[in-house]
Amino acid sequence: MTCLVPPVEPEVPDDAARAQVLALAERAEAVDGVAPLSEAHLLALREPGVTQLLHRGGADGAVDGAAIHADGSVEIVVDPAARRRGIASLLAASVEALSVGTAYWAHGDLPPARGFAAAVGLEPVRELLKLGRALTAQDAARAADPEVRSLAQRTGDDARERHLTAWLALNALAFADHPEQGRWTRGDLDARLGEDWFDPSTLWVLDAEGFEPTGAAASVWVKHPAGESAEVYVLASHPDRAGQGLGRRLLEHALGEIARAGADDVELYVDGGNAAARRLYERAGFTVRTRDVQYVTTSRPAGEGATIGA
């Protein structure tokens, strides 16, 4: 992927530029039916002092395309009104000029993204599935698991801190081989705790004996913003407790709690290659709603990457 014109130079977005990127991302979602920027990259866009690639081809230099990076990966979005002008190709070439080993995510696996990938010599290597199902009266009637405790149920700062520390340690163990989730730091966790959607009553942990920093046997975290579908955000069980049904137990607990809280629909994301997790969710009634596809250049390993949103 060669940049034949001057590449887009990195800049630190000011408040106006951030607002323009968010506005064009909303316009892209309205046209495509899928959001072009993931949570991690939206957080990175707001982070002070971090440079991003912004294409300023709009009126008075307004942003009409962007490549947003976070933790070594990039997501690209172009304003629908500015598509088919080579902006996505220019942004991708600029990314390649600055970073080696970048992969590209195509949210929704849309035909324009597949065409773009083919045109610039990318091949699909990984799939992320969004699954979903309706919540039912049967879910709401399921009794809460008395041994599963939420962050809101912890009394005192020390107990809450141990809850979070145990969750983070379990996350690292359960997702040790996952290219994104397993790399979460305490800073990544704290960033989510500061989001408007965060609710301490929907971050649950099943304690292992002793409740030490690595003493969580399993956990489930649910996002349920007002007026939106609930999302099973993270479901994890300790590798040493594999085969004991803890994933199903925590999932059923969460579905019951959010159904009683008024949610009528729930979604989640799972790696297409995670056969065990897919079986768990399919047995619980989840079906595929959308697919995200990761592309890389030939012979490049799969991993973190950039999202095609143009």
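So, how much area is buried between domain 1 and domain 2? About 760 Å², and carbon and sulfur atoms give 41% of that. Keep in mind that this is a predicted model.

Let me back up to the layout. The protein chain splits into domain 1, covering 10–120, and domain 2, covering 132–292. Their C-alpha centres sit 30 Å apart. As for who touches whom, ten residues of domain 1 are in contact with ten residues of domain 2.

Which residues of domain 1 lose the most area to domain 2? Those are Glu39, Leu43 and Trp105, and together they make up 55% of what the domain 1 side buries.

Then the charges. Between the two domains we count three salt bridges. Glu39 turns up in a salt bridge too: its partner is Lys223, with the closest N and O atoms 3.3 Å apart.

Now on to helix packing. Helix 1, residues 15–32, packs against helix 2, residues 39–46, at an angle of about 160°, and their axes are 10 Å apart. With that angle, helix 1 is roughly antiparallel to helix 2, because anything over 145 degrees counts as such. On the helix 1 side the contact uses Arg18, Val21 and Leu22, while helix 2 brings Leu42, Leu45 and Arg46. By type, that contact has four nonpolar residues, two charged ones and no polar ones.

That's my tour; over to you.

Definitions and conventions: Residues numbered from 1 in each chain as written. Predicted model: local features only at pLDDT ≥ 70, side-chain atom pairs only at ≥ 80, totals over all residues. Heavy atoms only, no water. Axes fitted to C-alpha atoms, helices over the stretch in contact; angles between N-to-C directions. Helix = DSSP H or I, 4+ residues; strand = E, 2+ residues; numbered from the N terminus. Parallel < 35°, antiparallel > 145°, perpendicular 65-115°, else oblique. Contact = heavy atoms within 4.5 Å. Nonpolar A, V, L, I, M, F, W, Y, C, P; charged D, E, K, R; others polar. Domains from an automatic or database assignment. Buried area = accessible area lost by both parts, 1.4 Å probe. Salt bridge = Lys/Arg side-chain N within 4 Å of Asp/Glu carboxyl O.
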